Amino acid sequence: MNSELSSQHVKDIGEQGLLERLQRFCPPEIIGDDAAVLETAPGQSLVVTTDVLVDGVHFSNLTTSPEDAGWRAAAANLSDLAAMGASPLGITVGLGLPGELRVSWVERLYQGMTECLQKYNTPIVGGDVVRSPVTTLAITAFGQVNHSQIIRRSAAVVGDAIVVTGVHGASHAGLELLLHPELGQDLKDAERTALIRTHQRPQPRLDVLPILWKILTPNSQLFIAGIDSSDGLADAIIQICRASGVGAVLEHRQIPVPKTFNHWLPPEQALKYALYGGEDFELVLCLPQELASALVQHLGEGAAIAGRITAGSTVILHDEQKKFPDQVLNLSQGFQHFGQ
């Protein structure tokens, strides 16, 4: 990148100058009107989701490069689409920027978004830019899903197995290692790098959907419940139970965590990371036991049946080995935007 251009600030080129720079990240045939027009096939539903990320809350220069911030923002929205059973069509990006912010930072942010989106053939189809005292990134993602394949939080029924599509706690562990480099002295360099990478470059589980639909084909009338675990595994299960009017039992020993936790973290801390750490972006799905077993087998290492849906409204963490007492899970230990 030209050194003169990289030293420019957003205020130097203004809104139109910045938009001109950013439009090269978008398909030229879509950009230019007041709104994007996205056609969907007959019998398909358009799914729309929006996430807002704020500097100092969701990302920080201490732990996240502009490219990684862009990747994480895109991945979070694609994960929400996956949690609904939808395939992505495109995203729009809203930016609130201080005038003193370097243009190169914004371009690097978009580069990270693009790197993530390209894996899933998802374009940036528009957006808006405004002045703001704090860097803010708002993404709206559009997806498409067949009516019979919509995944909702409210579809869990008593007897369903609870499937998690991958390990939990890795993203929070990576964040802790970034914030406190002195931690994890027993970790090998490759193990440390892998945990940090999980935090900086999460993978939305859109890959699960084709496998899920293949397994469910003989049961085309069956609706399943689901959510992503971006706010933590405990939060995901509680949200499903609240929406479905059911309870759950989560088995302590069946919660998949990274193998590296075994020689690094005490069991109590590993469990806390898995339940409340958040930002793992795995899917949490509720479906009949036989189908759940088939899904876990197809997904392979990391996926697990972590519990079952029960009558009532309480979500209980149970340890069949009785090393830990049963406990009722709640949302108070997870991240709260306006918590005291």
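How exposed is Glu279: buried, partly exposed or exposed? In this predicted model, Glu279 has a relative accessibility of 23%, so it counts as partly exposed. Buried would require a value under 20%, and exposed one over 50%.

**Two residues with positive phi**

Most residues other than glycine have a negative phi. Glu279 has a positive phi, near 60°. This residue is found in the loop between α9 (267-276) and β8 (283-287). Asn121 also has a positive value, with phi near 50°. Asn121 has its place in the loop between α4 (103-118) and β3 (124-131). At 70% relative accessibility, Asn121 counts as exposed.

| Residue | Phi | Relative accessibility | Class |
|---|---|---|---|
| Asn121 | near 50° | 70% | exposed |
| Glu279 | near 60° | 23% | partly exposed |

**Helix α7**

Now to a helix. Helix α7 spans residues 208-216. Which of its residues are buried? They are Val208, Leu209, Leu212, Trp213, Ile215 and Leu216. These residues sit on the same side of α7, because they cover an arc of only 160° around the axis.

What do the buried residues of α7 pack against? Their partners are α3 (66-83), β8 and α10 (289-299).

The face of α7 turned away from the buried side carries exposed residues. These are Pro210 and Lys214.

Definitions and conventions. Residues are numbered from 1 along each chain as its sequence is written. This is a predicted model: local features need pLDDT of at least 70, side-chain atom pairs count only at pLDDT 80 or more; totals for chains, interfaces and linings use all residues. Side-chain values use heavy atoms; hydrogens and water are left out. Helices (H or I, at least four residues) and strands (E, at least two) are DSSP runs, numbered from the N terminus. Buried means under 20% relative accessible area, exposed over 50%, partly exposed in between (1.4 Å probe, protein chains only). The arc is that of the directions from the helix axis to the C-beta atoms. Contact means heavy atoms within 4.5 Å.
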